[in-house]
Number of protein chains: 2
Amino acid sequence: MQNLDKIMKPRAIAVIGASTKAHTIGSDIMKRLQEYGFKGKIYPVNPKGGVIEGLQAYPTVLDVPGEVDLAIVVVNAKFVLSTIDQCHEKGVGGLCVISAGFKETGKDGAELEKALLEKVRAYGMRCVGPNCLGVVNTHPDIRMDGCFAESLPERGGIGFVSQSGALGGGILNILKDLNLGFAQFISIGNQADVNAETAIEYWENEDDVKQILLYMESIQNPANFRQLATRVSKKKPILALKAGRSAAGASAASSHTGSLAGADKAANALLAQSGVIREYSLENLFATAKVFANCPIPKGDRVAIITNSGGPGIMATDAVSEYGMKMAPLSDATKENLRSFLPAAASVKNPVDMIASAPIEHYKQTLETVLADDNVDMVIVIYLPFLGLKDIDVARAVMEIKAQHPEKPIVGVFMTKSEFFSQLSDMQVNVPFFMYAEQAADGLNRLNQQRVWNEKPIGTSPVFEVNRDRAREIIMQSASQGREQLTTRESIDVLDAYGIRVCRSGFAVNEDEAVAVADKVGYPVVMKMTSKTTSHKTDVGGVRVNIQNADDLRAQYRDLIAKLKEKNLLDGLEGVIIQEMVKGSREMVCGVATDPQYGHMVMFGLGGVFIEVMKDVTFRMAPLTDVDVDEMIRGVKAYKLLEGARGTTPAQMGQLKECLLRISQLVSDFPAITELDINPLIISEKNGEGIAVDGRIKVNLKKL
Amino acid sequence: MQNLDKIMKPRAIAVIGASTKAHTIGSDIMKRLQEYGFKGKIYPVNPKGGVIEGLQAYPTVLDVPGEVDLAIVVVNAKFVLSTIDQCHEKGVGGLCVISAGFKETGKDGAELEKALLEKVRAYGMRCVGPNCLGVVNTHPDIRMDGCFAESLPERGGIGFVSQSGALGGGILNILKDLNLGFAQFISIGNQADVNAETAIEYWENEDDVKQILLYMESIQNPANFRQLATRVSKKKPILALKAGRSAAGASAASSHTGSLAGADKAANALLAQSGVIREYSLENLFATAKVFANCPIPKGDRVAIITNSGGPGIMATDAVSEYGMKMAPLSDATKENLRSFLPAAASVKNPVDMIASAPIEHYKQTLETVLADDNVDMVIVIYLPFLGLKDIDVARAVMEIKAQHPEKPIVGVFMTKSEFFSQLSDMQVNVPFFMYAEQAADGLNRLNQQRVWNEKPIGTSPVFEVNRDRAREIIMQSASQGREQLTTRESIDVLDAYGIRVCRSGFAVNEDEAVAVADKVGYPVVMKMTSKTTSHKTDVGGVRVNIQNADDLRAQYRDLIAKLKEKNLLDGLEGVIIQEMVKGSREMVCGVATDPQYGHMVMFGLGGVFIEVMKDVTFRMAPLTDVDVDEMIRGVKAYKLLEGARGTTPAQMGQLKECLLRISQLVSDFPAITELDINPLIISEKNGEGIAVDGRIKVNLKKL
């Protein structure tokens with residue numbers, strides 16, 4: 001499929017549905033294109049012909065004299081398909097369909113959108129929209145404002161994709177105040193063809209785009225998104241605001257754009273695995289963008305703070321610590337150097353308090369001194385207004401030093417009048433300035449997060465030798481009986497086939513067989529019923545532990561049968577599993593859940609009775625890499641327990657990781673598996689092995 | 001002690017150290033007082049006399065012809081004491097000592113400050129400072145700007161106390177942009193006399209002060225703060241930014257409770273118990289203040305959202321849910337009503353999406369309709385700019401409706417140019433407007449938090465009948481042997497004396513005694529060594545559980561002795577405790593830690609091996625009230641376990657609460673107790689009782 005050049009770098013644009021009528025989209029788009037000084041040709045298209053915004057209008061695109069790269073379509077939805085036919089005939093390569101009346105309106109609209117996409121694909125075109133705000137490219141050779149937003153776009157290094165058209169327009173209003181601007185903007189609307197993934201791929205090699213910002217309510221193809229974003233985020237930061245997080249939010253998402261928002265945990269895992277920085281508010285999204293626009297990626301996480309006032313220095317220190325970064329330990333040489341020119345009342349430890357009397361010269365000298373310290377990776381410069389010093393002069397001094405020392409991030413905290421920020425918005429800046437210390441620390445934290453991501457290997461998904469045929473056989477056997485839920489025995493056997501360490505066990509259908517199996521497994525044993533009708537075994541007394549000998553086993557077996565008979569549950573009983581009694585107090589859980597949109601997500605964490613209370617679990621989307629499983633295991637609080645707290649045997653981390661990777665391989669091989677639980681996965685006190693003691697697998701029969 | 005009227009509402013001010021020299025504090029203060037139009041008399045005092053800022057200056061305060069209520073002192077620190085003497089002679093009741101050179105400079109300064117305070121107390125004066133920025137009262141009858149900040153203060157309803165002078169100045173710069181203003185401002189500086197507590201008490205009955213904002217780096221008298229703030233916060237909101245959170249690092253603590261406690265946990269508990277809303281950034285502090293300044297306290301937590309654009313509606317929904325508020329379920333009548341005038345493409349469910357074409361009339365009508373719904377407690381109104389509608393006109397419409405319906409909070413989210421907010425700052429507003437949805441939701445959440453606090457009873461601390469003498473005897477006995485750490489037996493006995501349910505047990509010093517005790521307690525039993533030298537019993541095999549009979553007990557006893565002998569630990573052995581074996585899988589923890597500044601803090605949470613891994617604990621400062629303990633128990637995730645998850649016996653909540661209250665009483669009666677751990681407090685499977693199975697108490701011998 002061709003890239004987006006025809007849309008984003010057109011030599012000529014036809015505005016189909018251009019209009020002379022004020023306050024219509026067909027008029028506004030024409031105005032914007034001209035006002036912003038589009039460098040190519042603009043051809044208004046209107047059945048009535050005439051002159052629109054000073055340009056000759058043509059009855060159809062076919063009447064346009066020159067070649068056309070991009071058609072911006074604003075006609076009524078019912079004319080869109082025939083318009084596309086004409087565009088094809090004319091040789092137009094790119095479409096931006098602003099017209100609404102498609103998927104967002106219901107079933108008929110969805111049909112229309114499907115037909116639109118089929119035409120676009122058949123004709124080998126690319127299409128932005130429908131139901132969108134338009135596209136922007138601020139490159140001086142292009143200067144295309146193909147939007148009907150209130151403001152003209154500012155030039156900058158941001159590539160922005162918005163799933164909400166209105167929001168894209170609102171953002172245009174805000175960016176200038178923040179000294180930010182677009183390189184390119186795509187309002188993807190209903191994203192029939194072009195979506196966030198298309199944009200990420202297109203922008204990968206667009207030097208003009210320094211960072212990519214996404215506003216998303218859904219992710220169309222999670223696997224593709226992951227693959228692309230993982231690669232591109234290593235080259236330039238990708239920041240995303242994924243809305244529709246709450247259940248209530250998600251339902252709002254589906255009612256509004258007709259797109260299904262998936263489970264937020266899955267989105268979160270997906271974004272983390274893809275190296276995408278997730279923001280939770282537009283304010284933070286832009287603040288982070290401001291920092292990336294003006295700062296290099298740091299070499300480490302040690303922050304120095306320079307201030308002319310104690311209180312804000314303390315607040316910045318609080319924020320730096322809370323974001324998990326370190327306060328840079330200034331070297332003795334640095335401190336001595338600072339002491340040589342700062343007044344006696346100043347503090348030369350980090351945070352460096354130059355006190356209220358600090359003149360501009362002290363700001364410059366202190367900043368240079370601190371930047372020269374190898375212990376310092378990033379700097380926050382704080383200014384509070386005192387009589388006799390002008391904020392903008394201090395800012396200029398900081399930017400001057402930054403220009404001489406571009407290699408370390410510097411962020412300004414200027415707790416001053418909003419006029420200062422208005423002044424800045426009309427200047428060229430090379431330092432991000434904020435009003436509050438927490439914003440600055442937040443920004444540095446994001447730089448640091450990007451550093452960690454850049455340094456992290458992408459990871460690989462090893463393929464283990466497994467007994468796939470056996471697993472298939474078990475699953476098909478269950479399916480052939482119409483059962484979605486595998487029995488415990490079947491589940492354990494599937495896990496075993498995939499090389500997951502399950503506890504030694506055997507199956508028995510009567511008392512004597514049970515004793516025979518126990519003799520092989522070795523006492524003490526656990527006896528568990530297995531049933532086609534009862535899935536919560538403990539609730540019916542179906543699990544008996546610490547059985548010491550054959551007599552004990554016989555007694556327990558008889559008691560179980562009696563209990564089931566009493567409860568009328570005996571019919572479902574398949575038999576009992578006799579298991580080795582695994583000794584260990586640490587109960588973990590591994591599992592797989594399936595989100596209808598995102599697919600398989602693998603879970604790891606603290607198991608037993610604490611699962612639902614503590615929720616100490618991590619998620620990653622399958623397929624897992626070695627890097628993923630390492631992060632999953634380290635990502636739970638219970639990691640300390642695995643390390644061997646309080647004299648317990650340290651868990652075999654490698655074996656645990658392999659267990660997760662094998663689960664990932666299992667669900668990749670069998671996409672029909674919708675649920676999988678290993679709970680508990682007991683960490684053996686003997687050797688730290690993770691042993692699957694109980695397992696449950698559920699399959700979607702329709703997917704087999 | 002007199003109140004602050006002489007300082008905050010002076011009829012005449014002497015500026016001692018007034019100066020004609022530009023850019024000195026003595027000159028700036030004079031300028032500010034005059035520029036802001038102080039309604040009383042101003043007397044410059046300068047040894048040289050002459051005319052300062054157009055006013056006759058006097059050599060000393062004694063030469064001033066009229067009465068003086070407040071002396072603003074800016075002379076060199078060494079002249080401050082004699083100045084105070086003169087002020088006393090003159091009958092001056094209030095001081096505001098701006099001069100630096102006191103405690104902040106070290107030991108000599110601290111001495112000077114002590115002398116200053118002694119004079120102030122002896123003379124019955126009140127004193128703000130030293131080392132401060134000054135005081136402000138914007139009341140039209142006063143109009144005192146006794147500060148040397150860059151900007152003049154705006155009039156408003158905020159009472160602000162700042163421990164950082166510079167910050168106070170910076171804030172003056174910012175507030176105007178936010179449509180906020182001070183009623184009164186006190187820069188407490190070194191807070192020798194007047195501190196945050198004084199201000200809170202003074203402002204309790206100042207009608208001019210509608211809300212109290214605090215910037216604090218320390219709390220001087222936590223108990224007094226708690227008492228005052230608890231009372232005053234029921235009348236007007238108190239918001240606090242407590243900085244220096246990370247500064248107080250965790251000191252090495254030997255107990256579990258101690259290792260999880262810390263100064264910031266104490267501050268957090270104290271503020272929560274006092275009804276103070278804690279903010280973590282100035283940005284949030286002011287945003288909350290803006291909401292309180294313009295909104296009533298709501299009747300409930302149900303939020304309706306009105307928007308002209310889907311995306312921001314989704315983001316607002318996300319934020320509302322994440323703050324734990326509810327999306328208001330609009331009534332059928334409301335929906336029908338909305339449907340009658342909104343276009344077909346609009347969504348009349350909450351969030352109400354009026355779509356991009358919404359004219360001002362739809363904003364008004366929709367807002368009125370939603371406000372009339374009894375299911376709605378608060379409203380967020382979102383506006384994104386579209387061609388043809390002016391932001392400020394929409395804002396005016398919202399404010400008009402608000403004026404007619406003052407009973408429910410309305411917050412605006414206007415994602416528009418910063419010029420809009422500049423425009424607002426010159427207007428009278430009655431609705432808080434924000435740029436982003438999250439800020440609006442945050443603000444409503446704070447209103448809701450205040451509602452919950454207002455509705456909550458203050459709580460009482462019941463006094464139980466306990467055996468205080470026995471507890472004292474045990475503690476003194478240990479102290480007489482120079483031991484800070486009580487033995488397990490002593491600890492358990494102290495708890496028992498305070499009516500805390502400890503498990504049945506007895507002490508034995510040899511094998512035969514052990515068997516005799518076990519016969520009384522009843523098998524199965526637990527045997528625990530008790531030693532003066534070894535505090536972590538499990539590490540040396542000093543705990544044996546589930547001992548079934550006398551033979552078993554004898555064997556275990558002999559094995560213990562052998563082990564200790566082997567490790568050369570036999571000398572410290574006092575004997576063994578034979579305990580009833582309490583059956584229950586839920587292990588909780590109760591404890592007390594002591595912060596050098598804040599005093600006793602009581603902890604409750606999940607115990608056992610999970611304490612330090614899960615950190616599922618809550619803290620409250622002693623003395624605890626019935627309300628506190630209820631919140632503590634409900635405040636941990638493990639509460640679900642206590643309720644009886646997965647078929648366990650529900651815990652006796654009343655008995656658990658009493659346990660915490662009795663612990664609180666114990667440490668209140670014995671302030672010398674620095675640490676106390678009950679770990680585990682097992683929830684008995686039999687009847688849900690919480691039973692203290694192990695206890696440790698540590699005492700500060702110097703405090704006895």
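1. For "domain: ATP-grasp", an unreviewed UniProt entry lists residues 492–528 of chain A; such positions are given in the numbering used here, feature names are shortened, and annotations may be inferred rather than shown by experiment. Over that stretch the chain is 46% helix and 22% strand, with its end C-alpha atoms 12 Å apart. Helices (H or I, at least four residues) and strands (E, at least two) are DSSP runs, numbered from the N terminus.

2. A word on the model: it is predicted, so local features need pLDDT of at least 70 and side-chain atom pairs count only at pLDDT 80 or more, while totals for chains, interfaces and linings use all residues. Residues are numbered from 1 along each chain as its sequence is written, chains are lettered from A and ligands numbered from 1 in the order in which they are written, and side-chain values use heavy atoms, leaving out hydrogens and water.

3. How do they touch? With contact meaning heavy atoms within 4.5 Å, 66 residues of chain A meet 67 of chain B. The two chains bury about 5,600 Å² between them, 63% of it on carbon and sulfur atoms; this is accessible area (1.4 Å probe) lost on being put together, summed over both.
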